[in-house]
Amino acid sequence: MAQLETLYQIEKLNTYPTQQGALKRCIWGYHLIVEFWQCPFEALARAKNVESALKQAVKSINPNNNVKVISYQFKPYGVSAQLNSGCANIYIHTWPENGYSAIDIMTPDKEEAYKILKKLQENLKPKNVYIAELERGLSEVENTEGGET
């Protein structure tokens, strides 16, 4: 039986200063707003499975495993969870009866955000993925340290 490839749709959201010269664009981090569709029910139904997927997703960028995971198990099924570490913040809300999950991935580095996304895909096995990519950071100060301009 032929395996179907995951369908991806990526949208890059650009933000612009509201007045010319009023705010300087300084990228402090990256935010991926992700929707997974057609995931297996079992992958999304229980907090234990979702927490494991989140921890595995950040393992490649945070090998010391210094993470904090908080989750809420809905009855009879469905999960809201968040993972916080020094290098990433991930939020997920699942609707297993629809095979759907809404995910936010925030990291200081774009490459790290996509590494996390790839690991989440391996664990939650969506058939369709929608990604909105957003660069975070607007600053009123002239000389900002850190971030890209």
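The questions and answers below look at a helix contact and at the salt bridges in this predicted model.

User: At roughly what angle do the axes of helix α2 and helix α3 cross?
Analyst: Helix α2 covers residues 47-59 and helix α3 covers residues 110-124. Their axes come within 8 Å of each other, and the crossing they make is right-handed. The angle at which these two axes cross is roughly 145°.

User: How many of the residues in the contact of α2 with α3 are nonpolar?
Analyst: On the side of α2 the contact is made by A53, L54, Q56, A57 and V58, and these meet I116, K119, L120, N123 and L124 in α3. When these residues are divided by kind, two are polar and one is charged, while the number of nonpolar residues is seven.

User: Which residue forms a salt bridge with E133?
Analyst: The partner of E133, which itself lies in strand β7 (residues 128-139), is found in helix α3, 23 residues apart from E133, and the pair therefore links distant parts of the chain. In this salt bridge the closest N and O atoms are 3.0 Å apart, and the residue that E133 meets is K110.

User: Is E133 buried or exposed?
Analyst: A residue counts as buried when its relative accessible area is under 20%, and as exposed when that area is over 50%. K110, the salt-bridge partner of E133, has 29% relative accessibility and so counts as partly exposed. E133 has 6% relative accessibility, which is under the 20% cut-off, so E133 counts as buried.

User: What is the N to O distance in the salt bridge of E111 and K115?
Analyst: Both residues lie in helix α3, where they are four residues apart, about one turn of the helix. E111 counts as exposed because its relative accessibility is 53%, whereas K115, at 39%, counts as partly exposed. Their side chains meet in a salt bridge, with an N to O distance of 3.7 Å.

User: By about how many helical turns are E122 and K119 separated?
Analyst: The side chains of E122 and K119 meet in a salt bridge, at 3.5 Å from N to O. E122 has 39% relative accessibility and counts as partly exposed, and K119, at 32%, counts as partly exposed too. Because these two residues are three residues apart in helix α3, the separation between them is about one helical turn.

User: How many salt bridges does the count come to?
Analyst: A salt bridge requires a side-chain nitrogen of Lys or Arg within 4 Å of a carboxyl oxygen of Asp or Glu. The pairs include E133 with K110, E111 with K115, and E122 with K119. By this rule the number of salt bridges comes to three.

Notes
Residues are numbered from 1 along each chain as its sequence is written. This is a predicted model: local features need pLDDT of at least 70, side-chain atom pairs count only at pLDDT 80 or more; totals for chains, interfaces and linings use all residues. Side-chain values use heavy atoms; hydrogens and water are left out. Axes are lines fitted to C-alpha atoms, for helices over the stretch in contact, and angles run from 0 to 180 degrees between N-to-C directions. A crossing is left-handed if the near helix is turned anticlockwise from the far one by less than a right angle, and right-handed if clockwise. Contact means heavy atoms within 4.5 Å. Ala, Val, Leu, Ile, Met, Phe, Trp, Tyr, Cys and Pro count as nonpolar, Asp, Glu, Lys and Arg as charged, and the others, Gly among them, as polar. Buried means under 20% relative accessible area, exposed over 50%, partly exposed in between (1.4 Å probe, protein chains only).
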